[in-house]
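User: I am new to this structure and would like to learn how its features are read. Please guide me through it step by step.

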Amino acid sequence: MIPEESFGSTENRMQSAGLALEELLVTAQKQDCLTVGIYESAKLLNADPDSVVLCVLAADDKDDVALQIHFTLLQSFCCDSGITILRVSGVQRLRQLLLGAVDANRNQEEHGDLHCMLVTNPQADHCRLQEVGTYCQESRRLDQWVPELVLQER
C-alpha cells in the first residue's frame, strides 16, 4: 500500500491540478490550440489524433444519458490513441474562463458546447500540461481509470 503523504493530500493535489488545467485551457485558447465541442472534437480526433495531447470532458449532470454515451465513445477512442483524458465538473467555471464574464451568461449555443475540449499543441503551456498529466498518472495509479477534477466557481 502506498502512503497517502507520498502523493500529498488529495484535496491539495486536486486544487493544484484544477488551477493548472484552468491556466492550460486559457493559454491553449489564446494560442488557437483548443478545440471546443463534442462534434468538433470528434472531427479532429478522426482527422488528426496524433496532434491531441489532452481530452477534457466536462459535465455537471451525470444523468444526461446522451452526453454519457458521447463521453464513453470519446474516452474509448482517446484511450486507444494514448491521449490523456480528464473529466471535470464545473461547466460554469469553464464558461467564465473561456467565454469571459460578459459572455458566460449568454446562450451557450452561440459558442458551441464546452462538454469536450481537446488541447492540440504540446507547447501550449508545457509546464501546466505536464502538471495536469502528472495528476492524471497519479490518479490512474490510485485506480481511478478516468481522473476527475472539480473546478470551483470564483
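**Reading helix 5 and its surroundings**

Analyst: Helix 5, residues 126–141, has 16 residues and reaches 22 Å from its first C-alpha to its last, close to the 22 Å expected at 1.5 Å a residue. The expected span is 1.5 Å times one less than the number of residues. Helices (H or I, at least four residues) and strands (E, at least two) are DSSP runs, numbered from the N terminus. This is a predicted model, in which local features need pLDDT of at least 70 and side-chain atom pairs count only at pLDDT 80 or more, while totals for chains, interfaces and linings use all residues. Residues are numbered from 1 along each chain as its sequence is written, and side-chain values use heavy atoms, with hydrogens and water left out.

User: Which residues of helix 5 are buried, and what covers them?

Analyst: An α-helix has 3.6 residues a turn, so residues three or four places apart point the same way. Buried means under 20% relative accessible area, exposed means over 50%, and partly exposed lies in between (1.4 Å probe, protein chains only). In helix 5 the buried residues are Leu129, Val132, Gly133, Tyr135, Cys136, Glu138 and Ser139. Their cover includes helix 1 (10–30), strand 2 (54–58), strand 3 (84–89) and strand 5 (148–150).

User: Is Arg128 buried, exposed or partly exposed, and what does Arg128 touch?

Analyst: Arg128 has its place in helix 5 and counts as partly exposed because its relative accessible area is 21%. Contact means heavy atoms within 4.5 Å. Not counting residues up to four places away in sequence, Arg128 touches Ala20, Glu23 and Leu24. Arg128 and Glu23 are 105 residues apart in sequence, but 7.1 Å apart in space, C-alpha to C-alpha. A polar contact is a pair of N or O atoms within 3.5 Å; within protein, one must be able to donate a hydrogen and the other to accept it, and residues adjacent in sequence count only if both atoms are side-chain atoms. The side chains of Arg128 and Glu131 make such a contact at 2.6 Å.

User: Which residues touch the most other members of the largest nonpolar core?

Analyst: A nonpolar core is a set of buried Ala, Val, Leu, Ile, Met, Phe, Trp, Tyr and Cys residues joined through side-chain atoms within 4.5 Å. The largest one has 28 residues, of which Leu21, Leu25, Leu54 and Leu86 touch the most other members. Two or more residues each come from helix 1, strand 2, strand 3, helix 4 (91–103), strand 4 (116–119) and helix 5. Helix 1 gives the most to this core, with 7 residues. Leu21 touches Leu54, Val56, Leu86, Val88, Val132, Leu149 and Leu151, leaving aside residues up to four places away in sequence. There is also a second, separate core of 16 residues, which includes Leu44, Val52, Ile83 and Leu118.

User: How many bridges join strand 2 to strand 3?

Analyst: Two strands pair if DSSP finds at least two bridges between them. Strand 2 and strand 3 run parallel and are joined by 5 bridges. Leu57 has Arg87, in strand 3, as its bridge partner. Between these two strands the chain passes through helix 3 (residues 65–81), and this β-α-β crossover is right-handed. A crossover has that hand if, with the strands pointing away from the viewer, the path from the first strand over the helix to the second runs clockwise. Strand 3 is in turn joined to strand 5 by 3 bridges, and these strands also run parallel. Here Arg87 stands opposite Glu148 in strand 5.

User: Where does Asp32 lie, and what is its phi?

Analyst: Most residues other than glycine have a negative phi, and most peptide bonds are trans. Asp32 has a positive phi near 60 degrees and is found in the loop between helix 1 and strand 1 (34–36). Asp32 counts as exposed because its relative accessibility is 69%. Just after helix 5, Asp143 takes a positive phi of about 65 degrees.

User: Why does Thr120 count as buried?

Analyst: Thr120 counts as buried because its relative accessible area is 19%. Thr120 lies in the loop between strand 4 and helix 5. Its contacts, not counting residues up to four places away in sequence, are Cys33, Leu34, Thr35, Leu44, Ser51 and Val52.
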